[in-house]
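Open the model in your viewer and keep the sequence panel beside it. This tour tells you what to select next and what is there.

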Amino acid sequence: NFFGFQDASVRNQAEHLLILLSNHRRYMNSHILPPALQPPSPIHALHAKVFSNYMKWCRYQGVPPNFSKMSTSTAGMAAPPSVASRVVDLVMFFCVWGEACNIRHMPECLWFLYHKMMEEYTMEQNQRSLYAGHFLDCVVTPIFKILSANMKSNADHINKRNYDDFNEFFWSRDCLQYRYSCEDPNERTDSEDPNNRLTAPLPGEMQQPITVGMLNAPKTFLEKRSWLRGVMALSRVIEWHIVTFYLLAVVAFSHDLVWGWVVTLEVASGVFWIFNALSIVWALLEVWASYPGIHLAGTSIFGSVFVLVARFLILVYQTLYLMWTYGPSKGSYLGIEADSTFWWWQYVWLSLLCMVPYIVEAMTNLVPSITTKLFTSRNDYIQTFLNILFPISRLYTAKEMHESFKHTTVYVFFWATLIAWKLYFSYV
């Protein structure tokens, strides 16, 4: 018993696996899938389905997945090595899944356990033997105790970690520097193994146990209790109302005061100033929500400061250029003698610069697959750009949950026509 699984649990999971394989035989039916899309065997189909999320976890961690590599001599079964290897992977995972029922709500933790255990299994040549129940006593129970203690704590949410914090810990590469078992390998003894040939510590077992990492895991999710939270949640709606009110007011004044199209365009361009000012407000609210309770990486802090400083400087020059646009027809500012039209064009070019993030965000919303490609890209330059300018891209989830372009087109068309008709009948 290499990992110390309970005998009854192993038998249950073996039966569970056989039933799943029987169910997956339907994929071998030409009425379900065409021959070109059929997997080589039900084992291949089940393996790809079970380990699809594990592959994503490994890709995010930047480590190769740990799968068994059975050769013809070691397979010990009348099956090709590729099939035998997949059977070993499935048996290993379902044995872990079966005994770790109290931590199944943390799938990242299960993948960490499987990753470390398969790594240990493939490295070890001598088949050690542990008592049945060792895995439950020395792996599952210590992890569950930490989770239970945090959830039962009477401390406020500011001072205790929840499932989100622990899940994000297992999404970081820091978890890989710990071993999965909490047992001290130097204290492992076996009366039937006086030379410690079967119970000697393995190479990776001299690391600290995973419970140490969980106890030191930072608080990464903290929601401050304030009405400003509601403002942040409705920021896009609030921004939409402010911008549309301003533009509709410009149209109304232009009609009643008989403005020319040049004056109307200049006044309407003030919407760029509103966009920039509101973006600074939202950025300040994000800083308020994050600091100091949430653990932030250095790039995220630098990105937030950089965006705030850059947008504030742009806002200052936008204000100056807009003031000089409505100033005397001829004037000298910053050592430059020019008319109001010149300063208005300076305002427009500068405003277009701060509108680039809005344009990029609009494109990604119209074609959601672009968001998935950007967020899941392994290009260092793209990830650096996202980490600095879009710190929210460091979130570990919801990076591949995009709608199809067809559904997005229908959605955008519906709301665009609805809002257009509402504005037309209300204000025109």
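**Stop 1**

Select helix α15 (residues 340-354) and helix α16 (residues 356-366): their axes come within 4 Å and cross at roughly 45°. Axes here are lines fitted to C-alpha atoms, for helices over the stretch in contact, and angles run from 0 to 180 degrees between N-to-C directions. α15 and α16 are therefore oblique to each other. Angles under 35 degrees count as roughly parallel, over 145 as roughly antiparallel, 65 to 115 as roughly perpendicular, and the rest as oblique. Now show side chains. Leu352, Leu353 and Cys354 of α15 meet Val356, Pro357 and Tyr358 of α16. Contact means heavy atoms within 4.5 Å.

This is a predicted model: local features need pLDDT of at least 70, side-chain atom pairs count only at pLDDT 80 or more, and totals for chains, interfaces and linings use all residues. Residues are numbered from 1 along each chain as its sequence is written, and side-chain values use heavy atoms, with hydrogens and water left out.

**Stop 1: the whole chain**

Zoom out. The chain has 19 helices and 2 strands. Helices (H or I, at least four residues) and strands (E, at least two) are DSSP runs, numbered from the N terminus. Of the 428 residues, 38% are buried. Buried means under 20% relative accessible area, exposed over 50%, and partly exposed in between (1.4 Å probe, protein chains only). Among contacts with a separation of 6 or more, 72% join residues 24 or more positions apart.

**Stop 2: aromatic rings**

Colour Phe, Tyr and Trp. How many aromatic pairs does a search of the whole structure find? It finds 35. Rings of Phe, Tyr and Trp (its six-membered ring) pair if their centres lie within 6.5 Å; planes under 30 degrees apart count as stacked, over 60 as edge-to-face and the rest as tilted.

Select Phe3 and Tyr180. This pair is edge-to-face, at 6.5 Å centre to centre and 65° between the planes. Phe3 is in the segment before α1 (7-23), and Tyr180 is in the loop between α8 (163-171) and α9 (210-215), 177 residues apart. Both Phe3 and Tyr180 are buried.

Next, pick Phe253 and Trp259. Their rings are stacked, with 6.4 Å between centres and 15° between planes. Phe253 is partly exposed, with a relative accessible area of 48%. Trp259 is also partly exposed, at 28%.

Then select Phe51, Tyr54, Trp57, Phe67, Phe93, Phe94, Trp97, Trp111 and Tyr114: they form one aromatic cluster.

**Stop 3: around helix α12**

Go to Val258, in the loop between α11 (235-256) and α12. Val258 has a positive phi of about 55°, although it is not a glycine. Is Val258 buried or exposed? At 69% relative accessibility, Val258 counts as exposed.

Step on to Thr264, in helix α12 (residues 261-268). Thr264 is buried, at 18% relative accessible area. Beyond its neighbours within four places in sequence, Thr264 is in contact with Val250, Ser254 and Trp259.

**Stop 4: Met232**

Finish in helix α10 (residues 228-233), where Met232 lies. Leaving out residues up to four places away in sequence, Met232 touches Leu285, Glu286, Trp288 and Ala289.
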